[in-house]
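Hello,

I am passing a structure on to you, together with some notes on what turned up in it. Please have a look at it first, and then read on.

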Amino acid sequence: MTKKKKKKSGSIAIPFLLTFLISLIVIGGIAMIIYDKIDKDDSSLLTMVNEAGTLSEEDNHTVMLILDLSDSVDIPDESSEDNEDYQDDEYYEDDETYDWEETGEDAEEVYPEPYTFIVMRSTPVDKQILFMGIPSNMLVGSDNKRAEDVYVSSGAAGISQSIEYTLGIEIDRYAVFDSESFKKACNILGGVSYAVPKGIAGVPESDSEQYLSPEQIEKIISYGGYSGGEIQRISTASAIVTAMMNQTSGVRIAENLDNTFETLINMIKSDISAIDYNDKKYAIKFMLKYSDPSDSESRSTRAKFITPYGNEAESNFVADNYFAEDIKIYFDETKTDDNNSNAESQETQKNE
């Protein structure tokens, strides 16, 4: 009877061990790659959270907005002896033709106002923006000079300081727009639908809201022939800017905020720096995104405006003493605990 030869156990064990070790090396390598990727993702996530930051009263800011059209509009020469009888037949808004014979008598020529002053107060914690127009003939500063005269002689910094003195508020920065940069800002916001006061050359009359182009917005804001004088003009200007801010898409503006800042800051005169922008960027984006209208609202209520009240004598406007007291509620840096807790709650829900 023939005996079967036994296989050597070593010949089977060695290949098995080699296969097992190779498998461990391959699986371990894949695991290390996956772990490294997860670790990098976690680090990125932590960095994003840190960059987001939080909201506080320190994010509140006040900016002096100035529309300076002195280089693009005709200004009458008040020193001319025959100024009252002077009419420039070649001056027309956008080369439009006016039929003076329709009235049956000579009409007083209306010149655009070259300067418009609006103080913008932003409180991101409350998701609110306030626009406060300053009449160009308002007496401001320790010397009680007209706002436009202060601006012409002392610039944006000078008018900001004078308004601070008169109204008891603090203005952090200023931004001066000319015609080109103002129209660019209007285009970025998307124009506005607004019920236009009647009688403004170049703007169709309507009893209801109509969409306004940047050129028409500029005409309305700078129109110098309002029956209510300068106080009506500045109130109308503030109302239009407010409506434009409430009708724009906050999400859209927030998502393109970096490009918008870079575009406008190179077109305007301002003391707002890149550091200022980076410090406030998160708060501004938060304010814009989370103040868009809800499903039950047609438009946002993120912005509102106020108009100074007082007395106008000899073409000069003097703000009432009570007005400075009334606006403290908007410019006071002290916020209630309720406002802080609401902002923190909204921030928590957003991060979740």
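This is a predicted model: local features need pLDDT of at least 70, side-chain atom pairs count only at pLDDT 80 or more; totals for chains, interfaces and linings use all residues.

**What was found**

Glu 209 has a salt-bridge partner in Arg 299, and their closest N and O atoms are 2.9 Å apart. This pair links distant parts of the chain: Glu 209 sits in the loop between strand S7 (192-194) and strand S8 (210-212), while Arg 299 sits in the loop between helix H8 (274-289) and strand S10 (303-306), 90 residues apart. Arg 299, at 34% relative accessibility, is partly exposed too.

**The whole protein**

Now a step back for the overall picture. The protein has 352 residues, and 37% of them count as buried. Eleven helices and twelve strands make up its list of elements. If you look at contacts with a separation of 6 or more, 70% of them are between residues 24 or more positions apart. The accessible surface is about 21,600 Å², and carbon and sulfur atoms hold 50% of it.

**More salt bridges**

How many salt bridges are there in the model? The count comes to nine. Besides the pair above, here are some that you can look up.

Glu 230 and Arg 233 form one of them, with 2.8 Å between the closest N and O atoms. Both residues belong to helix H5 (residues 229-247), where they are three residues apart, about one turn of the helix.

Lys 281 and Asp 258 form another, and here the closest N and O atoms are 3.7 Å apart. This pair also joins distant parts of the chain, with Lys 281 in helix H8 and Asp 258 in helix H7 (residues 257-265), 23 residues apart. Lys 281 is partly exposed at 23% relative accessibility, and Asp 258 is partly exposed at 37%.

There is also a network of salt bridges, which links Arg 146, Glu 148 and Asp 149.

**Thr 248 and its surroundings**

Please take a moment for Thr 248, which you will find in the loop between H5 and helix H6 (250-255). With a relative accessibility of 5%, Thr 248 falls under the 20% cut-off and therefore counts as buried. What does its side chain reach at 2.8 Å? The answer is the backbone oxygen of Leu 189. The side chain of Thr 248 also makes a polar contact with the side chain of Arg 252, at 3.1 Å. Leaving aside residues up to four places away in sequence, Thr 248 touches Leu 189, Ile 253, Asp 292 and Arg 302.

Strand S2 (residues 115-123) is mostly covered, as nine of its nine residues are buried. In a regular strand, side chains alternate between the two faces of the sheet. In S2, Tyr 115, Phe 117, Val 119, Arg 121 and Thr 123 are on one side, and Thr 116, Ile 118, Met 120 and Ser 122 are on the other. Both faces are covered, and the residues on each are all buried.

Which strands pair with S2? One is strand S1 (residues 61-68), which pairs with S2 in the antiparallel sense over eight bridges. Within that pairing, His 61 has Ser 122 of S2 as its bridge partner. The other is strand S3 (residues 128-134), which runs antiparallel to S2 and is joined to it by seven bridges. There, Met 120 stands opposite Phe 131 in S3. S2 and S3 form a hairpin with four residues between the strands, and in this hairpin Lys 127 takes a positive phi near 55 degrees.

Tyr 322 and Leu 167 are 155 residues apart in sequence, yet 9.9 Å apart in space from C-alpha to C-alpha.

Happy browsing, and best wishes

Note on methods: Residues are numbered from 1 along each chain as its sequence is written. Side-chain values use heavy atoms; hydrogens and water are left out. A salt bridge is a side-chain nitrogen of Lys or Arg within 4 Å of a carboxyl oxygen of Asp or Glu. Helices (H or I, at least four residues) and strands (E, at least two) are DSSP runs, numbered from the N terminus. Buried means under 20% relative accessible area, exposed over 50%, partly exposed in between (1.4 Å probe, protein chains only). Contact means heavy atoms within 4.5 Å. Accessible areas come from the Shrake-Rupley method with a 1.4 Å probe; for residues, only the protein chains shown count as cover. A polar contact is a pair of N or O atoms within 3.5 Å; within protein, one must be able to donate a hydrogen and the other to accept it, and residues adjacent in sequence count only if both atoms are side-chain atoms. Two strands pair if DSSP finds at least two bridges between them.
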